[in-house]
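Here is a note for a colleague who is opening this model for the first time. Please keep the sequence and the 3D view at hand while going through the points.

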Amino acid sequence: MGINHRMSRREFVGGGAAAVTALTLPLPAFAQAAARVVVIGGGFGGASCARALKQVDPKLQVTLVEPNRTFTACPFSNNVIAGLRSLEEQQFGYDKIAAGGVTVVAQAATAIDANARTVGLADGTSLAYDRLVLSPGVDLRFEALPGYDETAAAKMPHAWKAGEQTLLLRKQLEAMDDGGLVVIAAPANPFRCPPGPYERACLIAHYLKTKKPRSKLIILDAKDTFSKQRLFQNAWKELYPGMIEWVSLSQGGKVNSVDPATNTLITDFGNHTAQVANVIPPQRAGRIATIAGATDNTGWCAIDPVTFESKSAPNIHVIGDACIAGSMPKSAFSANSQAKACASAVATLIAGRAPEAPKLINTCYSLAAPGYGFSVAGVYQPKNGLFTDVEGAGGVSPADVPRDFRAREADYANSWFATITAEVFG
Amino acid sequence: MASALINVPAKAKRGDIIEIKTLMSHIMETGYRHTATGEVVPRDIITSFACRYNGTEIFRADLFPAIAANPFITFFTTATASGKFEFEWIGDNGFSETASASITVE
């Protein structure tokens, strides 16, 4: 059971702790007793992983730690912003997961002792674990955007965590006069849901075109390229001519600060005062990952792509948006794929064997309008310590196809949401 | 499609230190890359940038292949008199772009 790991000098210097534990674990004793696995975070990653752990080995004691009793899904929440869907359709509970034998603890995790292998909870109690899975999603880096903080977000919503913020952005759009200016500030990579800002632009434009046709939407972007760019830009031209303006990084699109008092977004080359300002700030791994010692200086979590074990925090595995997964985007589907592979790896390690390298899939649908969808898909495998694209697999929707092709992809998108949420929560 | 972005304060007090920001869209092809068939992609970069304030050069920079696409150059100067800032970018293949902005100094 050799866990061989050829190290570069950089890894040797930075990853000493992980290397030591690789030699001391797994202990065969765990194969006998019912091993305890704690999963923190009840989103697509954590909830999928808790369920998958019980499926892989029903003897495992699996605890899911999630303070919210209702999960509000981000995929499709742009439809809520556009008035095409209710927030309730985005919401799911944990009853079925609990019924499957997972202990669901409705507490926030506030502390992690990686040496003692315990998780401290907000109510003062603690949970012991043999292996810990973190799926904390993202935290917003308010400090990275001067002028923006939680108070400012009540005026200039990010709506990048579905729930109240989603409804706030919806209400602001409803209250806006015809002829108003909507500005979306999109962050640099990496961030949750790479096509999200552009799908949002489309669906907001759909609402404006239908209800407030004299209005305009500007995307101020800290990037020069983005996911499914050609498909989005074609859709903007085809569906919303003259309505959406994209200002790229090289055109001065990066927002350096905001002024919530005047609803103004400030770039190096100008100020944009919006009627509705949707500010999507830079992000990092959820805070508990830093408490666990699993984040590096990027704010994200470096992992071994075979086991998902943190490169800096032993016995702690990180999945979903919080981990550095190479070419895999930060998406619900990625989190779900990683969760299942991680569950298998954790169970295998507990059984005292070495996990095999997984092949993972991501598919991501975007809607440019009701009945107008397109997608990107990828297959990934570990290579040089990261997930890399399997050449020739996956791809994006074709550029020049009739509308019924887009309509079918919009149907597939609906099916995708129904399928993944049923698998995770149903 | 070359295009310059410049940001010069419209107004300043005499003696104020002001920040000037410029961004020129340019590919900044290094000349060190090869195509799939092995041919060198020819160098195509901006080689110099200069700024004149009421005719006097106040800032100059030489640019090299290591500088990324769309060079973003910012610098500070002292507002001495009302007038005009003129900017000039020169590069390979006859590349030449200019831009200007006015300032009122009180």
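**Notes on the model**

1. Start with helix H9 of chain A. On one side of H9(A), A:Arg230 and A:Lys237 are exposed (12 or fewer other C-beta atoms within 10 Å of the residue's own; buried takes 20 or more, and partly exposed is in between; C-beta atoms are placed from the backbone). Which residues of helix H9 (residues 229-239) of chain A are buried? They are A:Leu231, A:Phe232, A:Ala235 and A:Trp236. These four cover an arc of only 135 degrees around the axis, which puts them on the same side of H9(A). The arc is that of the directions from the helix axis to the C-beta atoms. An α-helix has 3.6 residues a turn, so residues three or four places apart point the same way. A:Arg230 and A:Lys237 are on the other side of H9(A).

2. The cover over H9(A) comes next. Its buried residues are covered by elements of chain A that include helix H8 (196-211), strand E13 (244-247) and strand E22 (360-369). Strand E23 (372-383) and strand E25 (395-396) of chain A are also among them. Helices (H or I, at least four residues) and strands (E, at least two) are DSSP runs, numbered from the N terminus.

3. A word on the basis of this note. The model is predicted: local features need pLDDT of at least 70, side-chain atom pairs count only at pLDDT 80 or more, and totals for chains, interfaces and linings use all residues. Residues are numbered from 1 along each chain as its sequence is written, while chains are lettered from A and ligands numbered from 1 in the order in which they are written.

4. Confidence scores. The model has ipTM 0.84 and pTM 0.89. The average pLDDT of chain B is 96, and 98% of its residues score at least 70. pLDDT is the predictor's confidence in each residue, from 0 to 100.

5. Domains of chain A. The assignment gives domain 1 (6-139 + 284-355) and domain 2 (145-281). Such bounds come from an automatic or database domain assignment. The centres of the two domains of chain A, taken over C-alpha atoms, are 31 Å apart. Their contact takes 17 residues from domain 1 of chain A and 20 residues from domain 2 of chain A. Two residues are in contact if their C-beta atoms, placed from the backbone, lie within 7 Å. On the domain 1 side, helix H4 (residues 77-81) of chain A gives the most, with 5 residues. That side of domain 1 of chain A divides into 8 nonpolar, 7 polar and 2 charged residues. Here Ala, Val, Leu, Ile, Met, Phe, Trp, Tyr, Cys and Pro count as nonpolar, Asp, Glu, Lys and Arg as charged, and the others, Gly among them, as polar.

6. Loop residues of chain A to check. A:Phe76 has a positive phi, near 80 degrees, and is not a glycine. A:Phe76 lies in the loop between strand E3 (70-72) and H4 of chain A. Why does A:Phe76 count as buried? It has 21 other C-beta atoms within 10 Å. A:Ala159 also has a positive phi, about 50 degrees. A:Ala159 sits in the loop between helix H6 (150-153) and helix H7 (164-175) of chain A. A:Ala159 is buried, with 26 other C-beta atoms within 10 Å.

7. A cis bond. The peptide bond from A:Asn189 to A:Pro190 is cis, with omega near -5 degrees. A:Pro190 is in the loop between strand E11 (181-186) and H8 of chain A.

8. A:Leu60. This residue lies in the loop between helix H3 (44-56) and strand E2 (61-65) of chain A. A:Leu60 counts as buried, with 23 C-beta neighbours inside 10 Å. Not counting residues up to four places away in sequence, A:Leu60 touches A:Ala34, A:Ala35, A:Val37, A:Leu53, A:Lys54 and A:Ala347.

9. Chain B. Its secondary structure comes to 0 helices and 8 strands. The radius of gyration of chain B is 16 Å, well over the 13 Å that the globule rule gives for 106 residues, so chain B is more spread out than a compact globule. The radius is taken over C-alpha atoms, and the rule is 2.2 Å times the number of residues to the power 0.38. Buried residues make up 19% of the 106 residues in chain B.

10. Where the chains meet. The contact takes 6 residues from chain B and 4 residues from chain A. Strand E1 (4-7) and strand E3 (17-24) of chain B each supply at least two residues of the chain B side.
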